[in-house]
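Here are a few exercises to work through with the model open. Try each task before reading its solution.

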Amino acid sequence: MDFDLTDAHRMIRDMAREFAENEVRPLAAEIDRTDEFPWKLFTRMGELGLLGMTLPEEYGGSGADTVSWSLVEEELARASAAVADAQLLSKLMGDMILRNGTEAQRRKYLPSLARGEKICAIAQTEPGTGSDVASIQTTARRERGGYVLNGTKRFITAAGVCQMAIVVASVDRTKGRRGITLFIVEEGTQGFSRGSKDSLMGVRGLATGELVFEDCFVPEENRLGPEGEGFKLAMISLDSGRIGIGSQALGLAQAAMEEAIRYAKGRVAFGQPIANFQAIQFMIADMSMQIEAARLMLRKAAFLRDQGRPFSRESAEAKLFASEVLGRVVADALQIHGAYGYSAEFSIERIYRDAKLYQIWEGTSQIQRLVIARHLLR
Ligand SMILES: Cc1cc2nc3c(=O)[nH]c(=O)nc-3n(C[C@H](O)[C@H](O)[C@H](O)COP(=O)(O)OP(=O)(O)OC[C@H]3O[C@@H](n4cnc5c(N)ncnc54)[C@H](O)[C@@H]3O)c2cc1C
């Protein structure tokens, strides 16, 4: 057993850390305040090879493994959850096309996603359903060499800026999950439009909002994977996505602890730094213990994926644990800041708002427990 990172892992982590510290961190508060998509940083991630990092070289990537990606997510989120999530979206949509696309689809879309020239949204959630994917209302009716899509998607990351979306729709609603099919829809396709933008509490700057499909014709060659297989493909993508989202939660928790330590050493009360009080020290010790446990779980899930071994339960457990650790760590880190923690002057306030999302997206904490229990009880 070896707990050390390889030289290659350390190199990619250090590169991501340098980028995050020098270029992302200085802009993190502004991205949150303006709620504008960080195009400059997104393009820069394309230049650095971070967006397509796990794609094979022939499609513009560098064939990095899941452990590397998890390290990158942790480092980026330590500086800005929004920037980390923009990377995650690109990586997951690239994987989705790589795994399920035709050769023509791979050649057409993957290099521009890797370079950061395009961003692809995943349009699954709807106003009436999120966790219960099999109940989506968006339909895809077969018609003359393609499909006609109708429906509205809600809470879609990058809805306001994407040049393309992978849309989850049903070719036959009576079939439940077996009717679900994926489609690649490009900007400019007639009947495809952007609806309203969501006003969010945290992880702002990702142009999250609605995508609307009104008699939107999509040619057959834009179907991603076989008809009726979309549910399975979306669930497989979620398994990987949970490693990334969990790694982001870890990065945020690490950042919260670092902020708390810095503040505790500098703040004086009753004639001494508050870091001298055992009550504060115990909170920090608990943070460190929980963060380390989450890190080990995430590394293991990533390792299993890289070995080609089953990792679905492990990724759900790691995401659930990391997001719940994050909830506890940010609450204590803000507490250590006292009133300053409650003001926008200190970044812990933004991290606290960002943190809640991690118990909701890529499957809520309740859904992770269902996934874990299903594995154990089947
Ligand atoms: C900022 C943001 C960005 C997002 N980005 C995207 C995106 O890019 N693409 C996309 O498709 N979606 C996206 N989502 C949607 C996200 O994936 C969903 O919000 C999530 O899956 C939960 O769905 P819901 O909000 O409809 O909650 P619901 O499914 O309505 O659940 C409501 C509550 O009921 C609980 N619950 C539901 N079913 C069960 C059950 N069987 N047992 C126990 N409890 C249950 C849930 O845990 C939750 O607490 C985003 C959401 C947010 C907030």
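**Exercise 1.** Leaving aside neighbours within four places in sequence, which residues is isoleucine 166 in contact with?

*Solution.* First, the ground rules. This is a predicted model, where local features need pLDDT of at least 70 and side-chain atom pairs count only at pLDDT 80 or more, while totals for chains, interfaces and linings use all residues. Residues are numbered from 1 along each chain as its sequence is written.
Next, the test: a contact needs two C-beta atoms, placed from the backbone, within 7 Å.
Applying it, Ile166 touches Met93, Met96, Cys120, Ile122, Ala123, Leu182, Ile184 and Leu224.

**Exercise 2.** Find the residues with the most contacts inside the largest nonpolar core.

*Solution.* Start with burial: a residue is buried if 20 or more other C-beta atoms lie within 10 Å of its own. A nonpolar core then joins buried Ala, Val, Leu, Ile, Met, Phe, Trp, Tyr and Cys residues through C-beta atoms within 7 Å.
The largest such core has 117 residues, and Ile166, Phe183, Ala253 and Ala256 have the most contacts inside it.
Now look for the top contributor: helix H6 (residues 230–266) supplies 16 residues, helices being DSSP runs of H or I with at least four residues.

**Exercise 3.** Work out how domain 2 meets domain 3.

Then count the contact residues: twelve from domain 2 and nine from domain 3.

Note on methods: Buried ≥ 20, exposed ≤ 12 C-beta atoms within 10 Å, placed from the backbone. Helix = DSSP H or I, 4+ residues; strand = E, 2+ residues; numbered from the N terminus.
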